[in-house]
Amino acid sequence: MAGEKAGSGKKRKNSELVATAGLIVIFILYMFPFYMVVINSLKQKRDIIKSPFSWLYTIKGLSFDNFVKAFVQMDFLNAFKNSLIVTVFATALVTLLAAMLAYYIVRNNNAISRIAFVLMVASMIIPFQAIMIPLVSIYGGKLNVLNHRSTLVFMHTGFSMAMSVFMFHGFIKGNVPVALEEAANIDGCTHVQTFFRIVFPLLKPIISTMVILNSLAFWNDFLLPSLVLSDKKLLTLPLSTYSFYGTYSADYGTIMAGLLLCVIPVLILYITLQKQIISGVVAGAVK
């Protein structure tokens, strides 16, 4: 018996070592592109073209000039302001509206709520590329509302509602007890007061998850803003990085520096909310 236990313990330890080694390899593979961006952002253009995979200590022309050039050329402060406005307003709208709709669907088991939820889930299989041309032609040609940040916020909110409602629906159904709402109703709370005072604070884990997921999507999106915005004063950060590409050449060092400037804000947000994100994803998957 003792020998069998020792053998099983050894097998378990070996399997844990293999799993750890596999995770390390996967981590390196995933981080390698980010590492290349960081390394090449500190090189001069000739060094990137000559040896893009070389280590920093082998390069004599190490410089932070790419970041200064990128900051000025992409009009970083203005582009950052545009991205921040669009991301904050769109994220706030989709979070509030999705939470309210998911709460209604969960607590009202009728034909309207079931049809609404089915339509929400079904809409997630429709790719944006299939509707982007008609969408732009209607909003631009007939309604003439393109080139406005509010239009971009409205579109981001609409396209993100289905997934957000799905996540909130699972969390509310599995983690928000009805007894709390019944007690609030006995105390005289209306449905609106019950939602904002009782239910909404309990949604903190899934709210954190959806905030980071939607913020990443809105902040990094290139396709939809490129269709809606053309005025240079309204360009978001992903669009402003396109200014580094010329007709016949590209300034790779400045591009890498610009990409890092775009990534840093959402990276800080993710690190800040990482515990809530993981707990929200796990809880939202339980129904």
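## Thr95 and its surroundings

The side chain of Thr95 gets to within 2.7 Å of a backbone oxygen, the one belonging to Thr91. Keep in mind that this is a predicted model. Thr95 sits in helix H4, which covers residues 76-107. Its relative accessible area is 7%, so Thr95 counts as buried, the cut-off for that label being under 20%.

Which residues does Thr95 contact once its neighbours within four places in sequence are set aside? They are Phe168, Ile207 and Val211. One of these, Phe168, turns up again in the next section, among the residues with the most contacts inside the largest nonpolar core.

The largest nonpolar core is made of 40 residues. Val165, Phe168, Ile172, Leu203, Ile206 and Val228 have the most contacts inside it. Several helices supply at least two residues each to this core: H4, H5 (111-123), H6 (132-142), H7 (149-175), H9 (191-202), H10 (204-220) and H11 (223-228). Which helix gives the most? That's H7, with 10 residues.

Val228 is worth a look of its own. Not counting residues up to four places away in sequence, Val228 touches Leu146, Asn147, His148, Thr151, Leu152 and Met155. There's also a second, separate core, with 18 residues, and its members include Leu42, Phe67, Ile255 and Cys262.

Helix H1 (2-41) and helix H13 (252-272) each put at least two residues into the patch. H1 gives the most, with five.

Ile24 belongs to helix H1. Is Ile24 buried, partly exposed or exposed? With a relative accessible area of 47%, Ile24 is partly exposed, because that label covers values between the 20% limit for buried and the 50% limit for exposed.

Asp47 is part of helix H2, residues 45-50. Asp47 has a relative accessible area of 12%, so this residue is buried.

How far apart are the C-alpha atoms of Asp47 and Gly253? The separation is 9.3 Å, although the two residues are 206 residues apart along the chain.

Technical notes
Residues are numbered from 1 along each chain as its sequence is written. This is a predicted model: local features need pLDDT of at least 70, side-chain atom pairs count only at pLDDT 80 or more; totals for chains, interfaces and linings use all residues. Side-chain values use heavy atoms; hydrogens and water are left out. Helices (H or I, at least four residues) and strands (E, at least two) are DSSP runs, numbered from the N terminus. Buried means under 20% relative accessible area, exposed over 50%, partly exposed in between (1.4 Å probe, protein chains only). A polar contact is a pair of N or O atoms within 3.5 Å; within protein, one must be able to donate a hydrogen and the other to accept it, and residues adjacent in sequence count only if both atoms are side-chain atoms. Contact means heavy atoms within 4.5 Å. A nonpolar core is a set of buried Ala, Val, Leu, Ile, Met, Phe, Trp, Tyr and Cys residues joined through side-chain atoms within 4.5 Å.
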